Amino acid sequence: MDIDFSWFKDHLLSQILPFWDSAFDDAYGGVFTCFTNDGKQKVSDDKFTWSQGRMLWCLSYLLDHPHCSEGLDDATLMRYRKRCDALYSLLSEHALLGGEDEVCAFLLDRTGQAKPCASDGCKYASMYADCFVIMGFSRYALLAKRKDIGLKALGIYNKMKQVMARGIIRTEPYPLPPGATAQSIPMIICNTAHELATVLRALGLPEASDVHKDAQTAAHSVLQVFAENRTMQIREVVYKEAGKEHGLLARHRNPGHAIECMWFCLDALGDEYYEVLSPYVLSSLELGWDEEWGGLLRYVDTDGGEPKGVCDGSAFSRLVASTWDLKLWWPHVEALYACARFYRVAKDERFALWYERLKQYTYSTFPSDKGEEWIQIRTRKGLPQERIVALGVKDPYHILRMHLLILDMNVE
């Protein structure tokens, strides 16, 4: 399988970075992300720490990998570095909460002041936001070559673990109903711990070993609790008590999430786990692909098609039922990278075929006009749709990260 790295570089430089270049808040630090789906209208100055941490990761990775930033002039590189510094300062000064049972604020106003989450009025609302701050700090520490920032990321990580160990597991914007646990929790821990361990190791810090073990433990948890060997599917939600396995949340699958999770696990467990993990990727691609209109459906039933089962009335159930047939940007770019990653390990032609299929659909469906990034939310037929599917943001992460990771493969 041939990857046209120059094509990905051109798309990064001409289509993606120009939009985000105009979205930074150079007055107060951070990046604006509350835009309409087409990116043409900013609807709020608020800053979700989820998105700020993600952009800090992306900019730090871009600047720390010359083959990714090649083609950017010195003035642009200097501007991006100043924005990295400002992103870190914004989060470091304002996002870290002081209470024993809270980690990172979920939402900041433009100046950085923490705001209550709309759902329950708390400032602490999501361990996912914690994870993206940790990963952003980690990559920035590597860029800046500062052990103290690496240790600060480790301190946030350890506090998050302690809060979770006390049973406080906040999961906005996907709050779980009572008695349910989500695959996304060990999945994000796996990715976060792997990122943190990679950086700690590169900085020469001995704590890297224990954090790496956490990443592997989380990956094994996904395989032991959420992987279904009969169907080779990854379950999204598992209930502690019996009798709910036929409900909507228990039956639904998230193909893009499962695929993304498998490359997280491959990173954490090593390439030797290819044979264990690859069947789940291929099964998820087959299950999620829309044979009528192309592309991956957001959610599907374990038997394929529209999710079935009783909707329990929770916000998560309503989300699954009402958005299952959307075509979203992120499952497609995650699947595209996963296919390239898994093909690189074992040269399995099935991944090459899926890579080409995904690339054709993705780049003929999602990109907007030149220099305006992507229209990220589409109907089943691929038409633009203005709606909120998680946070009310234009996400800066998956598209940027995929292009950076693909380009990084060019030096392997």
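Select R166 to begin: beyond residues up to four places away in sequence, R166 touches E100 and D101, where contact means heavy atoms within 4.5 Å. The model is predicted, so local features need pLDDT of at least 70 and side-chain atom pairs count only at pLDDT 80 or more, while totals for chains, interfaces and linings use all residues. Residues are numbered from 1 along each chain as its sequence is written, and side-chain values use heavy atoms, with hydrogens and water left out.

**R166 and D101**

The side chains of R166 and D101 are joined by a polar contact of 2.8 Å. A polar contact is a pair of N or O atoms within 3.5 Å; within protein, one must be able to donate a hydrogen and the other to accept it, and residues adjacent in sequence count only if both atoms are side-chain atoms. The C-alpha atoms of R166 and D101 are separated by 8.5 Å, although the two residues are 65 residues apart along the chain. R166 belongs to the loop between α6 (147-165) and β4 (180-182). Helices (H or I, at least four residues) and strands (E, at least two) are DSSP runs, numbered from the N terminus. With 41% relative accessibility, R166 counts as partly exposed; buried means under 20% relative accessible area, exposed over 50%, and partly exposed in between (1.4 Å probe, protein chains only).

**P173**

Remain in the loop between α6 and β4, where P173 is also found. Display the backbone here: E172 and P173 are joined by a cis peptide bond, with omega about 5 degrees.

**T49**

T49 has a relative accessible area of 0% and is buried. Show its surroundings: leaving out residues up to four places away in sequence, T49 touches L91, A95, A105, F106, L108, A129 and V133.

**R253**

Now select R253, in strand β8 (residues 252-253). R253 is an arginine that counts as buried, at 4% relative accessibility. A polar atom of the R253 side chain lies 3.2 Å from the backbone oxygen of R251. Apart from neighbours within four places in sequence, the contacts of R253 include E228, E236 and D301, as well as R235 and R298. Y299, V300 and T302 are also among the residues in contact with R253.

Two backbone positions follow. K347 is in the loop between α13 (329-346) and α14 (349-365). Its phi is near 60 degrees, a positive value in a residue other than glycine. K347 counts as partly exposed, at 48% relative accessibility. Continue to E373, in the loop between α14 and β11 (377-378). E373 is not a glycine, yet has a positive phi of about 60 degrees. At 1% relative accessibility, E373 counts as buried.

**The whole chain**

Along its principal axes, the C-alpha trace spans about 50 × 50 × 45 Å. Of the 412 residues, 61% count as buried. Among contacts with a separation of 6 or more, 73% are accounted for by residues 24 or more positions apart.
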